[in-house]
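Please look over the structure below before reading on.

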Amino acid sequence: AGISSSVTNSYPAARSLSIRLDPATRQLEGELRQALPAGGRFRLLEGLTVTEARRGDRDLVLTRDAEGRWRLPPGSAEAVTLRWQGTLPEAGEHDRYRLAAEGSLLPTRAGWYPHLADAAGSLWLTVRVPEGQRAVASGSLQEEALVDGEWQARFHHPRTREVEVAAGPWRLREREVEGVRLRTLFPEALDAAFAETYLDHAAEPLALFQARLGPLPTGSFSIAATPAPVGLAFPGFTLLGERVIPLPFIPDTSLPHELMHAWWGAGVGVDYPSGNWAEALTTYLADYALAERRGEAEAMRRRWLADLAALPPGEEIPLADFRGDPDPAGRLIGYQHGAMLFHMLRQRIGDDAFDRGLRQLAEAWMHRTADWAALIEAFGEAAGDPVEDFITPWLTRPGRPSLHLASVRMEPRDDGYWLSGELHQRNAHAPWPLAVPLVVETEAGPVRLIQHMEGTQQSFGIPLASRPRALEVDPGADLL
């Protein structure tokens, strides 16, 4: 409440968070300054306690409720200053946070800082760690320096309600690429062996993605190592597992995928209750787009469709029900099924309209939370024609249709031939809207057309100047 969503360059006027970490001892201390006229409540992890609370120059009395949450009283629009400190318990198997000398991750809303008010606003974030460690956090890196034996880094995010911090025993390498401060933060051995490779491999997709989508949402992007076997994307940085980084295919696969998340997921946020669209769009715009450049697009589509065809019926869910869960069946639907939906949409509205829709989505929703309806609206506006009737069935119905030919006939005519037949969709949840590519091989060469199909059965008829030899349905595997 009361927080401006505009970019603020004046440090004292913005919501500010300062954190000092000692990963070796798991000690943490912090200060939050934020306007909170309505008050609020927050939780802190076991081991952390509030040491000071003030509104302006007046002390505040905090209370704790039965659930152990701290409560602030409402008051004026003056900024509230909260200070807290303590020692975090050693992270257990199911804890979201990790504070350790070999690598730390403090994810958003995990209780290491007071999460107050749900309104997004400008954030200035300062992180201090002991010499030998470095830190990265949400937003664009503004400055970094060794101050009194500690590394201090300052970040700015123009509009966020989330805060993430990571740290590790990292060496830094960086270069300027397409106006972006591109950085690697790897432990010494990984830095020597792989940092330059990752900087090299990030440069080309960064240039391609910015040309298609507009500027990277943050002025810096860090590729940081973590002991956990993960690939995670946050505003301004990605975390890759230390055992993952040496794998030879990662710079060409996972790295571009996580970089694309800077726009979708970390940039334009996901409204998870209504479905996770970001993995599908990221897969299509990173993994698939790079396969297109290598001439491997059709092979990738066929692999996706083969994997989806192997799903047992009991594991099918609607795409709208995918939230990002790690189960293999859900990932096939959330990534591959969703990416194929974007492929069909692109073919339906054309490349130019599709790319206009992407830019409109980024411009309208950057640093905000978007749902599937926002995507449908953006692509519809870009196409100049609504796309809701096409997209919605693919979102809300589990599974995919199978296509079949029936009653195919060839009739000689005075001016050539007439080829006719029927297309049938089969599945308990059919029909889905389809634009079916048909290719007729004739003695004079191929004849191509698109047959739109809205029901479970669709007749077609094709006039031909020369004798047909074969008829193929969706020969390029362009349909789900």
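What follows covers a nonpolar core, a pair of helices and a single helix.

The model is predicted, so local features need pLDDT of at least 70 and side-chain atom pairs count only at pLDDT 80 or more, while totals for chains, interfaces and linings use all residues. Residues are numbered from 1 along each chain as its sequence is written, and side-chain values use heavy atoms, without hydrogens and water.

A nonpolar core is a set of buried Ala, Val, Leu, Ile, Met, Phe, Trp, Tyr and Cys residues joined through side-chain atoms within 4.5 Å; buried means under 20% relative accessible area (1.4 Å probe, protein chains only). The largest such core has 138 residues, of which Leu17, Trp112, Trp263, Trp264, Trp277 and Phe342 touch the most other members. Helix α5 gives the most to this core, with ten residues. Helices here are DSSP runs (H or I, at least four residues) and strands are runs of E (at least two), numbered from the N terminus.

Helices α3 (residues 278-293) and α4 (residues 297-309) pack at about 130°, their axes 7 Å apart. Axes are lines fitted to C-alpha atoms over the stretch in contact, with angles from 0 to 180 degrees between N-to-C directions. The two helices are therefore oblique to each other, as angles under 35 degrees count as roughly parallel, over 145 as roughly antiparallel, 65 to 115 as roughly perpendicular and the rest as oblique.

In α7 (residues 372-383), the buried residues include Trp372, Leu375 and Phe379. The buried residues of α7 pack against α5, α6, β21 and α8, contact meaning heavy atoms within 4.5 Å. Just after α7, Gly384 takes a positive phi of about 75°.

Terms used
Buried < 20%, exposed > 50% of the residue type's maximum accessible area, 1.4 Å probe, protein only.
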